[in-house]
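Morning, everyone. I have one model to walk through today. Please have the viewer open.

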Amino acid sequence: MSLNALAQTFLNGLTLSGIYILVALGLTLVMSIMGIVQVSHGEIYMIGAYCVYYLVAILEVNFVLALIISTLFVGGLGIVLERSCFRPFRGQPDRAFTISIALILILQNIVLSIAGGNPRTYTNPITGVLKILGIAISWKRLIIVLVGLGLLVVLFLFIKFTKTGQAMLAISQEREGAALQGMDIDRISSIAMFLGCGLAALAGALIGSLFSIHPTMGSFALMKGIAVIILGGLGSVPGAVMGGLILGLVDGILPALTTTHIAGLVGFATIIMILLFRPQGLLGHE
Amino acid sequence: MNKKLLISLFSFLLFITFLFFLPLIFQGPYHLHTLILTMMNILLASSLRLINLSGQMSLAHGGMMTIGAYTSTLLVMKLGFSSWLSMPLGGLFAALVACLVGFPFSRLKGIYFSIVTIFFSEMVVLTAQQWQGLTGGSTGIFNIPRPDPIKLFGLLNLTFSSKTDFYYLMLTLMLLSLLILYAIEHSRVGLTFLGIRQSDSLAESVGIPTTGFKVLAFGLGSFFAGVTGGFYPHYISAINPDSFSFLYTIYILIYMTVGGEKYFVGPILGAMVLTLLPEALRPLKAFVPFFFAAVLMAVIFFMPEGLVGLPGRAKIVMDRFILNRKRYA
């Protein structure tokens, strides 16, 4: 493999890492604050992609503006879902899990009946290549890495330096204790859901600028998102980043060396092995 | 008490006799196919409940069915086994795999266990797609032979050329399996499972080898999934890696939850209602997933015990209603 090809494969891996991290951050936020596994997260991601598709391809809105609108809209959808479906079952993982399975069916079939089952594509106005040391890097892919990195920093600062962020941390550590201190768990849950869904929508919209989108694309994102947070440790933001980087690089580089099936097998087997030796994940704590 | 038991036993036997005569009423292949699928789902949901009894929510049923299906198919087509031997062997192989992976998996608790079983299922599917020489890759295997005919002194002559014969095969399989599942649940082993579910550490402290029993539950449940998986390709005569996808497992879980996982009849009721009702709504095919989701949500929101708890629930509501009427009268 030439240096150029190697760099391309590496960048592909990093792009995937960016997407995985965005999805996983949302999942881990919702999971740690509300104590539920939100398995319809993949559908939220898919809806984000479809929003951008309708805005860009049909209404001909500017791509960046479409990204922002879609993120806010899907974030709002997250708040509605939290209010109506998840709030009654906070702290009851089994029932919330079943509810979100029902949501998978509902959301997926709403999109299927509106948009149809055919794959769709939309064009990304960001084109061109960046040349560093003779290696061509497409801006399209680089932008995903940059957005992922940027949001990561913002989220980190948000959790570290704002009162709401600190409240989130407190609630994820000890829900009752936080409530006793006067933190509004309902409000914080809504915010967490807004952020989580927004991040997922952004990830979906960004991947839609690289590949075609279809109503069942969510299950892939969900699998990878869960894999990442399990690998990194539930509720841990640095863990999600680390897990996302590892899994993204594995998924980006291995298919170039073997088949995609073997790459998938290796990915899952790695996570199972790691879990067996460290049940709380790489950076998680019990 | 004794009289009550006799009546329920009698009505139960009557119902089974009715099931045996059902193909005389519904003779169309479509009706029979639906009934066969219903029985498959009943068996799967009930076996999933067995694993659930020990407090582990397995989502590997699809993977176990795939293992059973491919094992049975390959034994028949490559090694020339009789399908009567290969179907239980498919189940046994699924159980063996379940026991092997069960030991490490049972270290994980709660949702971690479920997630790892999902990954395991995905790995089974990926293996089946990758190993093209053996499994035919993503296209799968076609023209799988029917089960060998049974001839019993002219009394019984099943050639498996019609759906009716498959109906009787599946009915026998289901009744036998349900009997075994019931016996397991009401034996000492079943009680141990319940104990582990209630308190893992307490069970351990009174000297129960919890890991062994958890693996046993996982293996037993997977055995029935494997046998059902082994039945399927001989019936449909084709198999591919996506036959029992993740969504299929989710549906099995829904049958169990909607019916009510607390009681033995729960999954049976859930699978029956949720397989037969969508077929009745067939003209509205596009709305079936919505219907599923709506039923699931209604059950989670209003019926914590599932459909089984409905009569008790209705009684409470009625009592309250009557009480209120009296109060204001």
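I will take the ground rules, then chain A, then chain B.

This is a predicted model: local features need pLDDT of at least 70, side-chain atom pairs count only at pLDDT 80 or more, and totals for chains, interfaces and linings use all residues. Residues are numbered from 1 along each chain as its sequence is written, while chains are lettered from A and ligands numbered from 1 in the order in which they are written.

Chain A, then. It has eleven helices and two strands. Reading from the N terminus, the order is α-α-α-α-β-β-α-α-α-α-α-α-α.

How does the radius of gyration of chain A sit against a compact globule? A globule of 286 residues would be near 19 Å, and chain A has 19 Å, so the two agree. The radius is taken over C-alpha atoms, and the globule rule is 2.2 Å times the number of residues to the power 0.38. Along the principal axes, the C-alpha atoms of chain A fill a box of roughly 60 × 50 × 35 Å.

Buried residues are 49% of the 286 in chain A. Buried means 20 or more other C-beta atoms within 10 Å of the residue's own; exposed means 12 or fewer; partly exposed is in between; C-beta atoms are placed from the backbone. Now contacts, meaning C-beta atoms, placed from the backbone, within 7 Å. In chain A, among contacts between residues at least 6 apart in sequence, 75% join residues at least 24 apart.

Some local detail. Helix α1 of chain A covers residues 3–34, 32 residues in total. From first C-alpha to last it reaches 46 Å, close to the expected 46 Å. That expectation is 1.5 Å times one less than the number of residues. Just after α1(A), Gly35(A) takes a positive phi of about 70 degrees.

Next, Thr121(A). It lies in the loop between α4 (93–115) and β1 (129–132) of chain A. Thr121(A) counts as partly exposed because it has 13 C-beta neighbours inside 10 Å.

On to chain B. Its secondary structure comes to 14 helices and two strands. The radius of gyration is 21 Å, close to the 20 Å the globule rule gives for 329 residues, so chain B is as compact as a globular protein of that length. Its C-alpha trace spans about 75 × 55 × 45 Å along the principal axes. Buried residues make up 45% of chain B.

Technical notes
Helix = DSSP H or I, 4+ residues; strand = E, 2+ residues; numbered from the N terminus. Contact = placed C-beta atoms within 7 Å.
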